[in-house]
Amino acid sequence: MTILIILFLIFLGILLLLLEFVVIPGITIAGIGGVLLLGASVYLAFDTYGVLAGIITLAFVLIVAPLVVYRFFQSRTGKKMLLNSEIDGHVDQIDSQTIHEGDEGITLGRLVPTGKVRINEQIMEAKSATGFVDPNVKIRVIEVLKTQVIVEPINQE
């Protein structure tokens, strides 16, 4: 009869762990309960049947529980629950051949402190070195980075 209780505790522990991973992710009662039930099954096996049965139960729990979770997420039902999206975005790089320090341009929107500017007929992301800059203000490039340029207003003295 005790062997059925041990198997039931293992089954219920794995079921609670699956519930933790699928329904309520995070560290919640289901995950803690699942780990406690698996631990209780190992303890009960050690206490009732001795060291050999306890080690076999421990090995079974350490091998089968992660395997069941892995196989569940590899199944068709588990794959529906996984996020399988690919990010195909890109970051615009500044061409250092066309934009140089000292080039002048105009702000297209407000720089707070970043925003869009037009320099040498190219629209790009810029960062103001002096804080906020209003739209349609002439600016000068003071540094060129990989993805943005650092600018300052020209009329500021």
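Which residues does glutamine 148 touch, not counting those up to four places away in sequence? In this predicted model, the list for glutamine 148 runs to Ile94, Thr114, Glu125, Ala126 and Lys127. Glutamine 148 itself sits in the loop that links β4 (138-144) to β5 (149-153). With a relative accessible area of 18%, the residue falls under the 20% cut-off, so glutamine 148 counts as buried.

Stepping back to the whole chain, the fold comes out as four helices and five strands. Read from the N terminus, the order is α-α-α-α-β-β-β-β-β. The radius of gyration is 31 Å, whereas the globule rule gives 15 Å for 157 residues, so the protein chain is more spread out than a compact globule. The C-alpha trace has spans of about 90 × 30 × 25 Å along its principal axes. Burial applies to 29% of the 157 residues. The protein chain exposes about 10,700 Å², and 63% of that comes from carbon and sulfur atoms. Among contacts with a separation of 6 or more, 45% are between residues 24 or more positions apart. As for charge, there are 11 positive and 15 negative charges, and their mean positions lie 10 Å apart.

Now to the helical part. An unreviewed UniProt entry puts the feature "transmembrane region" at residues 6-24 and 52-73. In the model, residues 6-24 are 89% helix and 0% strand, with 25 Å between the end C-alpha atoms. For residues 52-73 the figures are 100% helix and 0% strand, and here the end C-alpha atoms are 32 Å apart. Helix α2 covers residues 29-49, and isoleucine 29 belongs to it. A relative accessible area of 72% puts isoleucine 29 in the exposed class. Between the C-alpha atoms of isoleucine 29 and leucine 16 there is a gap of 9.0 Å, with 13 residues of separation along the chain.

The loop between α4 (76-81) and β1 is where histidine 100 is found. Its relative accessibility is 40%, so histidine 100 counts as partly exposed. Beyond its neighbours within four places in sequence, histidine 100 makes contact with Val141 and Val144. Arginine 140 is 40 residues away from histidine 100 in sequence, yet the two C-alpha atoms are 9.9 Å apart in space.

The loop between β1 (104-107) and β2 (114-119) holds leucine 111. At 0% relative accessibility, leucine 111 counts as buried. Once neighbours within four places in sequence are set aside, the contacts of leucine 111 are Lys116, Val117, Ala126, Ser128, Gly131, Phe132, Val133 and Val151. Valine 22 is another matter: 44 Å separates its C-alpha atom from that of leucine 111, and the two residues are 89 apart along the chain. Proline 113 also lies in the loop between β1 and β2. The peptide bond joining valine 112 to proline 113 is cis, with omega at about -15°.

Glutamate 121 has 71% relative accessibility and so counts as exposed. With 58% relative accessibility, asparagine 136 counts as exposed.

Taken by loop, then, the picture includes buried leucine 111 between β1 and β2 and buried glutamine 148 between β4 and β5. Ala126 turns up among the contacts of leucine 111 and also among those of glutamine 148.

Note on methods:
Residues are numbered from 1 along each chain as its sequence is written. This is a predicted model: local features need pLDDT of at least 70, side-chain atom pairs count only at pLDDT 80 or more; totals for chains, interfaces and linings use all residues. Side-chain values use heavy atoms; hydrogens and water are left out. Helices (H or I, at least four residues) and strands (E, at least two) are DSSP runs, numbered from the N terminus. The radius of gyration is taken over C-alpha atoms; the globule rule is 2.2 Å times the number of residues to the power 0.38. Buried means under 20% relative accessible area, exposed over 50%, partly exposed in between (1.4 Å probe, protein chains only). Contact means heavy atoms within 4.5 Å. Accessible areas come from the Shrake-Rupley method with a 1.4 Å probe; for residues, only the protein chains shown count as cover. Lys and Arg count as positive and Asp and Glu as negative; His and the chain ends are not counted. The place of a charge is taken as NZ of Lys, CZ of Arg, CG of Asp or CD of Glu. UniProt positions are given in the numbering used here, feature names are shortened, and annotations may be inferred rather than shown by experiment.
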